[in-house]
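Dear colleague,

Please find below the structure I promised to pass on, followed by my notes on what was found in it. I would be glad if you read the notes with the model open beside you.

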Amino acid sequence: EKLTAECVFREQFEENWYNTYASNLYKHGERGPHYFVALNKDGTSRDGTRSRRHQRFTHFLPRPVDPERVPELYKEVLGHS
């Protein structure tokens, strides 16, 4: 299975040292804010239409990733050669 445009997110560094991730494809209406990735307190995903940037459940702590472990599929989606 290939990665699609739905798999691309905007990463934003917040003032509290957390990161937020917004969909690059989906947003509220034509000019509204993008849908944010959010988890409920039980760890299930929250509806993107109900999530906003400054809500606590949209904040994630970043972890470093070894570039050697990133699949080649990501390069195709992001347009890198």
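**Aromatic pairs and the sheet**

Y35 is partly exposed, with a relative accessible area of 23%, where partly exposed lies between buried (under 20% relative accessible area) and exposed (over 50%), as calculated with a 1.4 Å probe on protein chains only. Please bear in mind that this is a predicted model, in which local features need a pLDDT of at least 70 and side-chain atom pairs count only at pLDDT 80 or more, while totals for chains, interfaces and linings use all residues. Residues are numbered from 1 along each chain as its sequence is written, and side-chain values use heavy atoms, with hydrogens and water left out.

A search of the whole structure finds two aromatic pairs, a pair being rings of Phe, Tyr or Trp (its six-membered ring) with centres within 6.5 Å, called stacked if the planes are under 30 degrees apart, edge-to-face if over 60 and tilted for the rest. The rings of Y21 and F60 have their centres 6.1 Å apart and their planes at 55°, so this pair is tilted. It links distant parts of the chain, since Y21 lies in strand β2 and F60 in the loop between β3 and α1 (72-78), 39 residues apart. Y21 is partly exposed at a relative accessible area of 23%, and F60 is likewise partly exposed, at 21%. The pair formed by Y26 and Y35 is stacked, at 6.5 Å centre to centre and with 20° between the planes; Y26 is partly exposed, with a relative accessible area of 37%.

As for the fold, the protein has one helix and three strands, taken as DSSP runs (H or I of at least four residues for helices, E of at least two for strands) and numbered from the N terminus, and along the sequence they follow the pattern β-β-β-α. The three strands form an open, antiparallel sheet in the order β1-β2-β3, where strands pair if DSSP finds at least two bridges between them. β1 (9-13) and β3 (34-36) are the edge strands, each pairing on one side only. Strand β2 (residues 19-27) pairs with β3 in the antiparallel sense over two bridges, and H34 in β3 is the bridge partner of K27.

Finally, for the protein as a whole, buried residues make up 17% of the 81 residues. Of the contacts (heavy atoms within 4.5 Å) between residues at least 6 apart in sequence, 30% join residues at least 24 apart.
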